[in-house]
Amino acid sequence: MTDRRTKRRYAHELYPHEEGTIRPLEVEVPYLYARALGLEISGTSWFTVEPRSTAGDRVDRMIGARHVALLADALAQDLVGQEAWEWAESMLSDESGEIVYERAVQHGVDPMIIKPYPCGDEPGHHDHYSEPDSRGSRFVDRIEGRESECDECTEPIPADD
């Protein structure tokens, strides 16, 4: 059997980042949004992780990543000082993460190809999404079985990897 991997990728695979490197905001903002999306807890087994402090740490990291992405986005919009802070804070008040998702899309990040970083065991189910309709809405089908074992969601590992 050929080794397979999921088609979705972790944020750092799609948006490589080297610690200590200062990059232009047009490069850094998409990376930061991809990272924030990768730290989402949906699509993970976050709710079963023990000890709960480990799960709580993941939520803190997700919120922190959202905050940094939004602040960098504010700077990319030429907002500064208090105005940048207030804009980012107002966007952060959306607990669902929908605004982060929308802002990521505006910066060229496709959230549908970002795989959440593991948090607990791989869930025993995953979702398949239809193509967007004229309003951008998608249908979601819950599929029993792990994403990593789904023929539709995996691909052969290329020889150069």
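Colleague: Start with Y117. Does Y117 count as buried or exposed?
Modeller: Y117 counts as buried, at 19% relative accessibility. Keep in mind that this is a predicted model.

Colleague: What is the cut-off for buried?
Modeller: Buried means under 20% relative accessible area. Y10, at 21%, counts as partly exposed.

Colleague: How many aromatic pairs does the structure hold?
Modeller: One aromatic pair. It is made by Y10 and Y117, with ring centres 5.2 Å apart and planes at 5°, so the pair is stacked.

Colleague: Where do Y10 and Y117 sit in the chain?
Modeller: Y10 is in the loop between β1 and α1 (11-14), and Y117 is in the loop between α5 and β2. The pair links distant parts of the chain, 107 residues apart.

Colleague: Salt bridges next. How many in the whole structure?
Modeller: A search of the whole structure gives nine. One of them joins E155 to R5, with the closest N and O atoms 3.4 Å apart. E155 belongs to strand β4 (residues 154-156) and R5 to strand β1 (residues 4-6), so the bridge ties together parts that are 150 residues apart in sequence.

Colleague: How accessible are E155 and R5?
Modeller: E155 is partly exposed at 25% relative accessibility. R5 is partly exposed too, at 24%.

Colleague: Which residues are linked with R5 in a network of salt bridges?
Modeller: R9 and E155 are linked with R5 in that network.

Colleague: What does R146 form a salt bridge with?
Modeller: With E122, where the closest N and O atoms are 3.9 Å apart. R146 lies in the loop between β3 (140-144) and β4, while E122 lies in the loop between α5 (98-106) and β2 (125-129), so this bridge ties together parts 24 residues apart in sequence. R146 has a relative accessible area of 32% and is partly exposed. E122 is also partly exposed, at 28%.

Colleague: And R135, which side chain does that meet in a salt bridge?
Modeller: R135 meets D133, at 3.2 Å from N to O. R135 is exposed, with a relative accessible area of 69%, whereas D133 is partly exposed at 31%.

Colleague: Let's move to the strands. Which side chains along β2 are buried?
Modeller: H126 and H128, which point to one face.

Colleague: How do β2 and β3 run, parallel or antiparallel?
Modeller: Antiparallel, with five bridges joining β2 to β3. H125 stands opposite E144 in β3.

Colleague: Last one, E89. Where does that lie?
Modeller: In helix α4 (residues 81-92). E89 is partly exposed, with a relative accessible area of 31%.

Colleague: How are E89 and L70 placed relative to one another?
Modeller: E89 and L70 are 19 residues apart along the chain, and their C-alpha atoms are separated by 8.2 Å.

Technical notes: Residues are numbered from 1 along each chain as its sequence is written. This is a predicted model: local features need pLDDT of at least 70, side-chain atom pairs count only at pLDDT 80 or more; totals for chains, interfaces and linings use all residues. Side-chain values use heavy atoms; hydrogens and water are left out. A salt bridge is a side-chain nitrogen of Lys or Arg within 4 Å of a carboxyl oxygen of Asp or Glu. Helices (H or I, at least four residues) and strands (E, at least two) are DSSP runs, numbered from the N terminus. Buried means under 20% relative accessible area, exposed over 50%, partly exposed in between (1.4 Å probe, protein chains only). Two strands pair if DSSP finds at least two bridges between them. Rings of Phe, Tyr and Trp (its six-membered ring) pair if their centres lie within 6.5 Å; planes under 30 degrees apart count as stacked, over 60 as edge-to-face and the rest as tilted.
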